[in-house]
Amino acid sequence: MHHPEEDVVYPAPVFRLLDAGLLRLEHAAAAVGVLGLAAIMLLVSADALGRYFFNAPVQFQYELTSHYIMGMTSLVALSWGVRRGAHIRIGFIDQVVGERLRGILFGINFLIAAVTMAVICVYAAGEAWHAWVNADLFFGVVDWPVWLARIWVPLGCGLLCLRLVLDGVMVLIDPQHARVLGTSTDPDTEVDAV
Amino acid sequence: ARAETVLTFADSFPDGHYLAEEGMKYWMQRAEELSDGAISWTYFPAGQIAKAGGILTAVRDGRVDAGYVGIGYFSDKLPLNSVSMLPGMAPTAGAGSPGYWAMLKADGPLRQEFLDSNAVPMMGVMLDPYQMVMATPPLTTPEDFVGKKVRSGGGAMNLTLESLGATPVAMPAPDMYVAMERGTVDGTLFAINSVKPYRVDELTESVSTNGPFGTFVITIAINKETFEGLAPAEQEALRQAGEETVTHLANYVDANVGKRLEEFRAQGITVYDFPPDVVTVLEEALTEAEADWVRRMSDRGLPAAEVLADFKRRMQP
Amino acid sequence: MSLVIGIGGLILFLILGMPIGFALATSGALGLAAHMGPGIVGPLMAETFFEHSSAYLLLTIPMFVLMSEYLSASGIARDIVQTSYRWIGRLPGGLGIACVAASAMMAAVIGSSTASAATMSTAAFPNMKRLQYHPRVAAGIIAISGTLAIMIPPSIILVIYGILTEQSIGKLLIAGIVPGLLTMAGYTLVIVWIALRRPDMMPRAPSFDLRAAMRSMLTVWPILLLIVVVIGSLYGGVATPTEIGAVGSLFALAIVLALRRLNGGTLRAAMENTLRTYMMIIMIILGAMVFGYFMTYTQVTQDLVRAVVEADLPPWGILLLLLLVYLLLGCFLDQIAILVLTVPLTFPIVSALGFDGIWYGIIITKTVEIGLVTPPLGLNVYVTSSVTRVPLGEAFKGVLPFLVVELVLLAILVTWPGLTLWLPGQMQ
Ligand code: NA
Ligand code: NA
């Protein structure tokens, strides 16, 4: 399938290289996210249908989903989403300022957001590390390792932070790329579906 | 006197919930009175600061000074404290709470788990044991349990349900009402005192009174630095308030169970005791649940057997 | 001061075009740092992201989006729109009315407005656009119709209100039905009015052809089957309100696979589109949570409500002032956050003033529901805009005429409590 956002060609070779590397990680993350969606659909359905028709719910489903799969699916592909233009913003400013200023604002916004994500990543990584070192477990249907639940916040936000820094810096260097990166609210972009 | 110390407090109970009124607010108010007004509170009820499962971390980080810590939410951070939730430990709040609280106050593994989270436990109460709250007629023979779908909090509760052939079901609390209404589950394991707050009584046909299904256990914890930074008199006021709250809340819980059961009868709900043959099966199951708990905790290198023995010694008959 | 930093920061970031999720998290963090000191901000955000991203109840959102993606990718969604166009496309605003009706049907299985708006954006928007509906109008209809999910049972918000106030959840859910249907009628009126005034924005079908209409019915049986199975599963007790989205998307997948209307490529596209939509929604939800905690710590919400209930006013004055505050809060806070922050303060007062608890639940639910479509924080409009790629400002403009009818409906429900209380009064 064709994704207009992925056609963005980054100006300097070093950015192209960085983007390609990051994009590989993001595609892997998206694959994990898609697997998560499929797993939720199948496990929750199997639990409900098994419970109703065979009196045999999937006992571990509730804990597996709420400890791991939900968090993983919610966070792992945040960066991939941004690369696909999956962010909503108020477009008012675009009509007021010129292309150059628009690009600068776009870049600054991304860099500020990157700081927020970096803070979250650092503290969440500390929690995950702590759980790993202490070998913390949730006591449930089985013993569930806590670090595996905690790892998705630093992974997702860390990857997102890298993406925001890369795109932010790139747009500051070459403001006209803001137009391409900001396509998500362009009314003339066809929706992928159908 | 004018308040010199304003502390923040967080819980996750809805407005007017008896655990907020007779537990959390009671403790805060006694602390205020005992300190002659030196301590006062900013209160964040109903999960405003964090969900029930996040309050201990909020206390640890100092995002809130003190708060409600439900043992069941912290199997990762307070694993040995879950000994208090094992089935069959105490038939009433009054029988269990003083022993648990004594253990939590003493230097020992239970207190240490709180300290490791940078929190000092201020009170601990074991609530009334869970009972079978069912949208079906009473379960009076072991066969009645077979195939019944019952919402459960997991862990040891699942083992006791399965021992009689019932099917434990896990689901979030907000789904429970609709699930019981539509027959997704036949009922739930629930403390008698929690039935009304969740409005489950509207759907209930029968309630057991003597099932040993485990207990929910609530504590209050305060941030360690906050506590150590208080004047000795203020610390003493909080401590004393904790002692009083344990007694007050345990008495309230037990008295209220009786009152609730009366109301249920008046509503036409059947209130009943399990017959001896059912109790026998349940008691066998809870021995197994204890063994499972000890084995899994010991696998983590925790002194589970010692804690269990100490805990059972402290329970009143 | 921290209030100025937090709210001012949010407005500034939004105006400067920062993506909304980032703007909420960042301004919330700055406000918290000003209010509580910078030390707690990192741990708070990390825990907020952890706790709220892994909430089990959240799974309804991606699952309903997934269901509608399967219907879209397979072309079934297009068939439905085509069929309703053939039947009522001749009426002024016919397709828009069909969209409202479809949303009401979705509302019978979805308990979350956000999930509903995302679902309809995916399923209906591309086809409304194909049939020359103005994107602004189409997005407005979809965003506002999503709010029906709160009123028509099942409803997450009404269950939370019931737990917070110990009101009968069963009665609350039943009480939502009549206001929900009235709301639907109100939206329909607005659509007809717009269609009559601006026929260019909602073109009508050239003619009504009974044979073609009958023939088009043949294409809708898969969706009818899906609806029967999903509603049947929910009301028959097969699945809980949280689980039903997953079961629904599995059935939808089974149907489109059985009809051979999905191949490997379109299946993958449907999954990726779902993930993309979910990433947008979750980022905003997590940001809104951080911002909500900031508002909680400042106590501004609680103080405001306290000032109202302590004002020296007659009962009706207090009630109206409260509703005004709720409308205002809806501009800045998420629905659940509003209930959790305010209901513990307002409910005891309102009951003491002699108002009915069930009725009050419906009234404030209706009021916070309006907040879902008011700027700057209007989650339904955000979601609709992001999925349909209609610019946010346009989408808010599209919702505007419906806001007027929402206020009228609110006034009607306040004036005649019997409209709300009659149906639950028939129970037992
Ligand atoms: Na609904
Ligand atoms: Na709003």
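Author: Helices (H or I, at least four residues) and strands (E, at least two) are DSSP runs, numbered from the N terminus. This is a predicted model, in which local features need pLDDT of at least 70 and side-chain atom pairs count only at pLDDT 80 or more, while totals for chains, interfaces and linings use all residues. Residues are numbered from 1 along each chain as its sequence is written, and chains are lettered from A in the order in which they are written.

Reader: Which helix gives the largest share of the lining of the second largest cavity?

Author: Rolling a probe the size of a water molecule over the atoms shows where empty space is left. A cavity is a set of points, on a 1 Å grid over the protein atoms alone, where a 1.4 Å probe fits but cannot get out; lining residues have an atom within 4 Å of a point. Here H7(B) supplies the largest share, 3 residues. Helix H4 (60–73) and helix H10 (156–165) of chain C each supply at least two.

Reader: Which residues are closest to the centre of that second largest cavity?

Author: Of its 15 lining residues, they are B:Asp175, C:Ser155, C:Ile156, C:Pro241 and C:Thr242.

Reader: Is B:Thr57 buried or exposed?

Author: Buried means under 20% relative accessible area, exposed over 50%, partly exposed in between (1.4 Å probe, protein chains only). B:Thr57, in helix H2 (residues 55–61) of chain B, is buried because its relative accessible area is 2%. Leaving out residues up to four places away in sequence, B:Thr57 touches A:Glu127, B:Arg63, B:Lys77 and C:Glu47, a contact being heavy atoms within 4.5 Å.

Definitions and conventions:
Side-chain values use heavy atoms; hydrogens and water are left out. On a 1 Å grid over the protein atoms alone, a cavity is a set of points where a 1.4 Å probe fits but cannot get out, and a pocket is an open set with protein on both sides within 12 Å along at least five of seven lines; lining residues have an atom within 4 Å of a point.
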